[in-house]
Amino acid sequence: MPAASLALAAPLLDRLTSGIAVLDRDARFVHANPAFVELTGVARLRGCPLAVLGAQSETLAALIERLPTDDGQISLRGLGLNTRDPSQRVDVAVRPGGDGG
């Protein structure tokens with residue numbers, strides 16, 4: 001997602017109750033809404049690699065690699081997220097962000 005688009009979208013994303021994170025092309029976090037921070041328990045995400053999410057980051061990275069370059073989407077149900085105690089199961093949807101993201 002281009003920086004200008006993210007700047008416009010961030011206030012809206014921050015109001016959602018679903019956890020949303022935006023990654024750059026290098027799989028580093030550029031934005032995470034409060035629901036995502038609450039879900040993961042990881043307070044400082046900006047600039048961090050996907051690996052900050054622990055063991056499941058490899059599963060997420062594999063999803064991102066399989067992602068088509070068009071408007072396709074890949075979903076995964078019941079991913080174990082071990083960044084909180086107790087661990088949680090989450091549903092994940094990954095889609096490309098367009099130019100710059």
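Accessible areas here come from the Shrake-Rupley method with a 1.4 Å probe, and for residues only the protein chains shown count as cover. With that settled, I looked up the surface: the chain exposes about 6,600 Å², and 51% of that belongs to carbon and sulfur atoms.

Housekeeping before I go on. This is a predicted model, so I note that local features need pLDDT of at least 70 and side-chain atom pairs count only at pLDDT 80 or more, while totals for chains, interfaces and linings use all residues. Residues are numbered from 1 along each chain as its sequence is written, and side-chain values use heavy atoms, with hydrogens and water left out.

**Overall fold**

I went through the secondary structure and got three helices and four strands. Helices (H or I, at least four residues) and strands (E, at least two) are DSSP runs, numbered from the N terminus. The order from that end is α-β-β-α-α-β-β.

Next, the dimensions. The C-alpha trace spans about 35 × 30 × 20 Å along its principal axes. I checked the radius of gyration, taken over C-alpha atoms, against the globule rule of 2.2 Å times the number of residues to the power 0.38. For 101 residues a compact globule would come out near 13 Å, and the chain has 13 Å, so the two agree.

Of the 101 residues, 29% are buried. Buried means under 20% relative accessible area, exposed over 50%, and partly exposed in between (1.4 Å probe, protein chains only).

**Aromatics**

I searched the whole structure and found one aromatic pair. The partners are Phe29 and Phe36, tilted, at 5.8 Å centre to centre with 45° between the planes. For the record, rings of Phe, Tyr and Trp (its six-membered ring) pair if their centres lie within 6.5 Å; planes under 30 degrees apart are stacked, over 60 edge-to-face, and the rest tilted. Both Phe29 and Phe36 are buried.

**Two residues I picked out**

Gln88 sits in strand β4 (residues 88-94). I have Gln88 down as partly exposed because its relative accessibility is 28%. Beyond four places in sequence, Gln88 is in contact (heavy atoms within 4.5 Å) with Leu39, Leu79, Gly80 and Leu81. Leu39 is 49 residues away along the chain, yet its C-alpha is 8.4 Å from that of Gln88.

Gly47 lies in the loop between α2 (34-40) and α3 (57-66). Its relative accessible area is 43%, so Gly47 goes down as partly exposed too.
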